[in-house]
Amino acid sequence: MTGGDPLVEVTDLVKHFPIKRGVIIQRPVGAVHAVDGVSFAVRRGETFGLVGETGCGKSTTARLITRLLDVTSGTISFEGEDVTTLGGSRLKALRRDVQMIFQDPYSSLNPRKTVGSIIAEPFAIHGLLEGKGERKRRVQDLMDRVGLNPEHYNRYPHEFSGGQRQRIGVARAVALDPKLIVADEPVSALDVSIQAQILNLLRDLQADLGLTIVFIAHDLSVVRHMCDRVAVMYLGKIVELADGADLYGHPRHPYTGALMSAVPVPDPTLARARRRQILGGDVPSPSNPPRACRFHTRCAKFVAGHCDVDEPLLEPKEGGNLAACHYPLSDEEIAAARITAAA
Amino acid sequence: MTPLLEVDQLKVEFSTKDGIVHAVDGVSLHIEQGKTLGLVGESGSGKSVTGLTVMGLTRGRGADIVGEARFDGRDLVSMGSDELRTLRGNDVAMIFQDPLSSLHPYYKIGRQLAEAYRTHHPKASRAEARDRSAEMLDLVGISDARARLDAYPHEFSGGMRQRTMIAMALINEPRLLIADEPTTALDVTVQAQILELISRLQDELGMAVIMITHDLGVVAELADDVAVMYAGRIVEYGPTETIFAAPQHPYTWGLLGSIPRLTTPRDEPLLPIPGRPPSLINRPSGCHFHPRCPYVQPSHREIDPMLEPIPGEPGKVACLLTVEERRALWARLRDGATPDEARAAVLGQVAPA
């Protein structure tokens with residue numbers, strides 16, 4: 001379902017969180033560069049994946065797109081309109097179209113409210129379906145749609161399992177018929193057998209409702225399963241962006257290659273045939289990121305005097321992937337490391 | 001070869017105000033020196049309680065423990081607390097999922113490591129313990145180890161804290177390491193580092209490892225044998241190759257069908273297991289998996305299957321279908337049939353009985 005016009009476009013998105021010192025008079029002494037110059041477009045009807053490890057800025061990006069955080073600089077446009085600094089009633093109108101599904105189904109639902117009123121909350125906020133019977137009917141339809149028993153309308157979140165709670169979160173997110181759903185790690189807190197139920201539900205809803213989804217996860221297999229296009233983030237920047245098949249078929253950025261190589265394969269024969277490429281060290285601090293290419297401190301292909309001096313731009317490489325790297329992986333290197341499925 | 005650890009009919013029950021929780025219900029397993037056993041299951045399957053009980057960590061919490069866990073011929077379940085304390089952290093060690101809550105935030109890393117050493121080496125001097133601590137930190141790949149002994153846990157990243165936990169667990173060169181979801185809280189590149197580290201240390205020190213995890217990928221990479229747990233019991237047990245190539249239990253099929261992989265076509269739909277894990281207070285009658293099993297027969301609601309050897313295979317399974325039925329079902333599932341199609345073809349039923 002790709003090829004549509006862009007629904008969301010972000011350009012040079014930057015978010016710095018100030019680090020403050022002092023007890024009474026706090027003065028900024030630095031900044032955490034959570035997101036540092038990120039640009040991408042999400043096409044109507046597609047699922048756009050953002051992957052990366054802890055601290056890479058993927059969740060901050062999600063919060064910027066949904067306007068839960070204000071940008072430091074850069075622009076966000078939604079359906080061609082600049083929404084970067086929208087406020088008041090126009091922001092409220094935007095929120096009808098942009099909804100979010102959160103990671104933790106335990107803390108994202110108010111424990112003192114019934115499931116019915118949690119799912120009806122979006123209608124209440126936007127003054128829709130004022131008639132009580134009408135609203136209840138719609139909520140029960142939604143519950144049925146996401147695989148919950150509509151008779152459980154008056155139950156409280158604690159009476160539901162983790163998977164069912166995530167279904168409540170999904171029902172709430174699709175209640176207003178939004179155009180965009182931003183799902184931040186929607187299945188990482190769930191058991192394997194339940195994960196698959198929620199992933200299938202999201203795919204079904206997308207097909208039925210024509211949703212556009214920004215899907216954020218750290219699990220590369222899940223992202224591959226869900227997404228049409230994928231952006232890989234490292235320390236606040238996108239290091240590679242490509243169609244799912246291209247990204248997983250021939251990763252060009254060495255970081256993408258290392259990530260894929262690190263995923264344990266649930267197949268003992270394949271697992272033993274693979275040559276694991278292990279990244280040394282830890283992710284550097286985002287308050288003091290490395291110069292130029294941020295991955296150069298851990299990269300196997302690092303060339304002194306180039307990678308640490310010249311910042312690589314996100315440019316097309318062989319096979320159509322956009323990658324920010326001076327020395328992208330070649331097909332031979334990918335085959336030798338047996339990173340991908342084909343090998 | 002006599003097993004290093006032999007768990008025999010272990011049962012752990014907890015009394016709560018809602019009723020008795022049957023956390024572990026007749027688990028038997030064994031592990032030889034130098035080998036790795038993967039204990040797989042979802043939340044509430046009893047895998048962690050099994051590990052904790054072997055370590056004697058469920059004692060005195062309202063737990064009713066029956067059965068044996070013989071380590072080197074000595075039963076850890078009936079052993080006195082003092083005797084157990086000489087083994088725990090010494091011959092048998094454990095690492096936990098959350099490295100932040102497992103380290104004391106007030107004490108320096110070096111002091112916590114040294115404590116683990118001096119507990120079992122009472123004659124060792126402070127300096128010796130410090131040397132040994134630095135040596136261990138170095139072994140687990142923390143650079144500048146001696147200087148880092150004076151760091152506090154909050155100064156370490158998640159990966160470094162988990163390495164520290166491993167260093168602490170291994171400081172007395174245990175013969176058995178129980179690792180309870182050691183990489184679940186970590187990023188995938190750090191996970192790869194930690195798994196590599198555990199298997200390298202295992203080769204160097206010759207210890208046995210019980211790897212408790214929900215991640216079939218981790219098991220496939222590390223384990224020699226796999227035990228799949230469901231609702232407090234082992235439902236399938238065998239060599240890793242067999243479990244992945246020719247699994248026999250419908251729950252194992254369900255697990256394998258519900259994980260997205262990097263190696264299968266993207267459009268292949270996931271086949272989740274319907275429903276959810278049962279309550280361990282009121283367990284389903286008969287086969288505990290029957291409410292979620294697509295291949296259930298009327299008799300399965302009454303008869304409780306035993307974990308029995310599979311004819312002609314090295315593994316064991318607790319399933320009431322015949323071995324021919326299971327082979328035929330798996331052959332179809334492996335070729336891409338849905339559970340409904342497989343059931344119709346093999347058992348001739350359109351809907352679950």
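A: Let's start with a word you'll need: a residue is called buried if 20 or more other C-beta atoms lie within 10 Å of its own, exposed if 12 or fewer do, and partly exposed in between, with the C-beta atoms placed from the backbone. Helices and strands here are DSSP runs, numbered from the N terminus: a helix is H or I over at least four residues, and a strand is E over at least two. Keep in mind that this is a predicted model, where local features need pLDDT of at least 70 and side-chain atom pairs count only at pLDDT 80 or more, while totals for chains, interfaces and linings use all residues. As for labels, residues are numbered from 1 along each chain as its sequence is written, and chains are lettered from A and ligands numbered from 1 in the order in which they are written.

The part to zoom in on is helix H1 of chain B, residues 47-54. This helix is mostly covered, with 8 of its 8 residues buried. Reading along H1(B), the buried residues are B:Lys47, B:Ser48, B:Val49, B:Thr50, B:Gly51, B:Leu52, B:Thr53 and B:Val54. Just past the end of H1(B) sits B:Gly56, with a positive phi of about 75 degrees.

Why look at phi at all? Most residues other than glycine have a negative phi. You'll find B:Glu181 in the loop between strand E7 (176-180) and H8 of chain B. B:Glu181 has 20 C-beta neighbours inside 10 Å, so this residue counts as buried. Over in chain A, A:Arg67 is not a glycine either, yet has a positive phi of about 65 degrees. A:Arg67 belongs to the loop between helix H1 (58-65) and strand E4 (73-78) of chain A. With 19 C-beta neighbours inside 10 Å, A:Arg67 counts as partly exposed.

For 353 residues a compact globule would come out near 20 Å, and the 22 Å of chain B agrees with that. Two residues are in contact if their C-beta atoms, placed from the backbone, lie within 7 Å. Of the contacts in chain B with a separation of 6 or more, 63% are between residues 24 or more positions apart.

Two helices of chain B are worth a look as a pair. Helix H4 (residues 109-120) and helix H5 (residues 126-139) pack at about 110 degrees, with axes 9 Å apart. Such axes are lines fitted to C-alpha atoms, for helices over the stretch in contact, and the angles run from 0 to 180 degrees between N-to-C directions. An angle under 35 degrees counts as roughly parallel, over 145 as roughly antiparallel, 65 to 115 as roughly perpendicular, and the rest as oblique. H4(B) and H5(B) are therefore roughly perpendicular. Among the residues that meet are B:Leu113 and B:Tyr117 from H4(B), and B:Ala129 and B:Met136 from H5(B).

Finally, chain B has a partner. The contact between the chains takes 38 residues from chain A and 36 from chain B. On the chain A side, H6(A) gives the most, with 8 residues. A:Ala258, A:Leu259 and A:Ala262 in H9(A) meet B:Val188, B:Thr189, B:Gln191 and B:Ala192 in H8(B). Chain A itself has 11 helices and 12 strands, and 46% of its 343 residues are buried.

Terms used:
The radius of gyration is taken over C-alpha atoms; the globule rule is 2.2 Å times the number of residues to the power 0.38.
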